[in-house]
Every structure is written in C-alpha cells, then in structure tokens.
Amino acid sequence: MIKIAVDAMGGDYAPGEIIKGAVQAAGMRDDIQIILIGKEDVVREELKKHTFRDGQITVQNASEVIATEEPPVNAIRKKKDSSLVVGMNMVKRGEADAIVSAGSSGAILVGGQVIVGRIKGVERPPLAPLIPTEKGVSLLIDCGANVDARPSHLVQFARMGSIYMEHVVGVKSPRVAIVNIGAEEEKGNALVKETFPLLKECPGINFIGSIEAREIPHGGADVVVCEAFVGNVILKLYEGVGATLLSKVKEGMMSSLRSKIGALLVKPALKETLKSFDASKYGGAPLLGLNGLVVKTHGNSKATEVCNSIIQCVTFKEQGINEKIRESLGREKTEEGKE
C-alpha cells in the first residue's frame, strides 16, 4: 500500500473539495491508503457525506491550520500541530510516502526543505508543474521555489525534470530547453548565458537550446528550464490568457441567434478540445529533490485536481523517482571526479 497524507485544511475549498478529491482517488485505486490530516471532528463530519472502502481512508488529528497570509518560516516553526506540519513530519518519519496540500505555497516550500529535507547533493528543490501544450504537456521547472537560482541549480533542474518526464509522464529522451528572449546562444541575461554552455555539455539530458515563451504552448520542449521568477510569470500568464480566451469565446457564441445555433453545433468538439487544456487533470506541482514527495496543488483546487494529484503521487512512488534522482546526482559527482 502506498500511503498518501492529504492536508485536509489547506486551500480555498477545504475541507469539502479536498476530502471529495481524496475519496475519488480512493475509489480509483485499491493499492493506496489516504490519511486525511486536519481538525478531526470537522474532517469526520465531512467524510460522512461520502462512501469508501473500510480502512482505505483514515483521519489524523491536527488542531491548527496555517493561513495563506502567515509568514511561512514562523508558521512552520510555531504551528507544530498544523495539518501541514503534521503531514510533513509523517513523510519525514516514513509514515507516509507523500503529502498533497493546496495550502500556503510559502509554508509548503519551507516545510519541504526544513522538515522533509533535501536529497543529498540537491542544491535547491524546484516546483515543477505540468502545463498543457499543443502536443500534450511540458514540465515547467522552476515555477516558484527559487527566484535567485544559480547556473548549477538550473542544471540540476534539467536533470531532475528529465527524470520526471521520462518515468512519470512516459516521454522518452525528453527535449530540454532553457527559457530565453531569442533562439541564439549569445542572447539572454547573465544567468541564461552562463547556464547555456553547462546544459549543452551536461550528459544524460537531451538539450535542444533556447526556447522563447511563445513556443512553450506549441510544445517546443518537454522540459522548460528557468528560475522561479520567470517560471511563475509564465505560469500565471498562461492561466490568465487561457481563462480570458475561454471567456471571450463564450461571449462571442452567445452574441446573436446565429452564433448560438453555431455554438450548439460546435459545443461537443470544443468541449473535447478544451479538456486537453484543463490544467487540473495533470495534478499538482511536485517539489522535486526532497527525501519524500511533497505535491503543491493550486489554492483554488477542486476535487478533480486533488484526486489527480494523489494518483500522481502513486506513479512517482512506483517509478522510484527519488532513487533515480539520487543515481543521477551520484553519476554527476563521479563524472566531476574524473575531470
């Protein structure tokens, strides 16, 4: 059984949507055990609304909740009995293989590094969400954890991202590119210019060069490497443009009788097309490079995204992603020693 801790109190729609998503995941797999962490009376009351197999979902009491606006370091240090900290400690002690949370991003990042801890050799753990593209999905790494990354960090992001895309998503020899303002090698800021030759020489990855932001939605690379400031801007713009376009399409379809008739005809095909661009179907963003798995879902996650994030954890564990990252870093050290 793969044990997955779920922060039942984190997120805009907690605990209702979080628990609903957990129950959905339990119904999809009989090889997982879900531990819902939060105020026990509240969680159990919500669980009464659902049916699930006996023993597959358990409840772990946690009397405190970390609010989004709280300073992350203080919150992790002072709120020892918060749902997030209790869950992180379960992962640290091996009582859970992973934790999924829609709570405070800052607290999740701090808790992941301070409580769960980094794999030996990992300089900075990156947040790595899957984003929908014309060709399927790409991994955006880093999207929010390290705004002051160095070239060596980006090289590790490329290595870890390649492992994730190959073994979790199933993309053979994933194409790795660094976000830049042009395709030419000499373009970019100091960080990109310094990182480019390192990625070019990095064994074990399929580096294809620079990628401009407009090529990301077309699926120009499978692993899109950048530091967190750039990555977060890309992610938020991606989400904003998508929501705006959808809103404008709906508005246009309802503008006249003719357009309404046309909308009825194209609705099935349009619905199917838009499904592939629904980010919630891909789960949350794993914080790669930790001793255990920590997955951050959107703060406004509904049941579907929570469910898919839990299933994502199963694949991560089954494929031994942390073990593969350790092996990759071990080979890197060996190669450095030979030089």
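Predicted model: local features only at pLDDT ≥ 70, side-chain atom pairs only at ≥ 80, totals over all residues.
Start by selecting I4 and I34: in strand β2, I34 is the bridge partner of I4.

**Stop 1: around β2.** To get from β1 to β2, follow the chain through helix α1 (residues 16-28), a β-α-β crossover that is right-handed.

Now turn to the other neighbour, strand β3 (residues 57-61). Five bridges join β3 to β2, again in parallel, and here I34 has I57 as its bridge partner. The chain passes from β2 to β3 by way of helix α2 (residues 40-47), in a right-handed β-α-β crossover.

How many residues of strand β2 are buried? Seven of the seven residues (32-38) are, so β2 is largely enclosed by the rest of the structure. Show the residues of β2 and you will find I32, I34, L36 and G38 pointing one way, with Q33, I35 and I37 pointing the other.

**Stop 2: the five-stranded sheet.** Next, select the open sheet with strand order β5-β6-β9-β7-β8, where the pairing is mixed. Its edges are β5 (130-133) and β8 (206-211); each has a single partner strand, so one side of each is left without a neighbour in the sheet. From one strand to the next, the twist averages 30°.

Inside this sheet, pick β7 (residues 175-179) and β9 (residues 223-225), a parallel pair held over three bridges. Look for V176, which stands opposite V223 in β9.

Then bring in the helices. Helix α6 (residues 151-169) lies across β5, β6 (136-141), β7 and β9, and runs at about 150° to β6. Helix α8 (residues 228-253) also packs on the sheet, where it touches β5, β6 and β7 and makes about 50° with the direction of β5.

**Stop 3: the aromatic rings.** The whole structure holds two aromatic pairs. One is Y164 with F316, a tilted pair at 6.1 Å centre to centre with 50° between the planes. Y164 belongs to helix α6 and F316 to helix α10 (residues 303-318), 152 residues apart. Y164 is buried at 0% relative accessibility, and F316 is buried at 6%.

For the other pair, select F196 and F207: edge-to-face, 5.1 Å centre to centre, 75° between the planes. F196 is in helix α7 (residues 190-201) and F207 in strand β8; both are buried.

**Last stop.** Finish at Y13, where the charged end of K302 sits over the ring, 4.8 Å from its centre.

Notes: Residues numbered from 1 in each chain as written. Heavy atoms only, no water. Buried < 20%, exposed > 50% of the residue type's maximum accessible area, 1.4 Å probe, protein only. Helix = DSSP H or I, 4+ residues; strand = E, 2+ residues; numbered from the N terminus. Pairing = 2+ DSSP bridges. Right-handed = clockwise from strand over helix to strand, strands pointing away. Axes fitted to C-alpha atoms, helices over the stretch in contact; angles between N-to-C directions. Contact = heavy atoms within 4.5 Å. Phe/Tyr/Trp six-rings, centres within 6.5 Å; stacked < 30°, edge-to-face > 60°. Lys NZ or Arg CZ within 6 Å of the ring centre and 35° of its normal.
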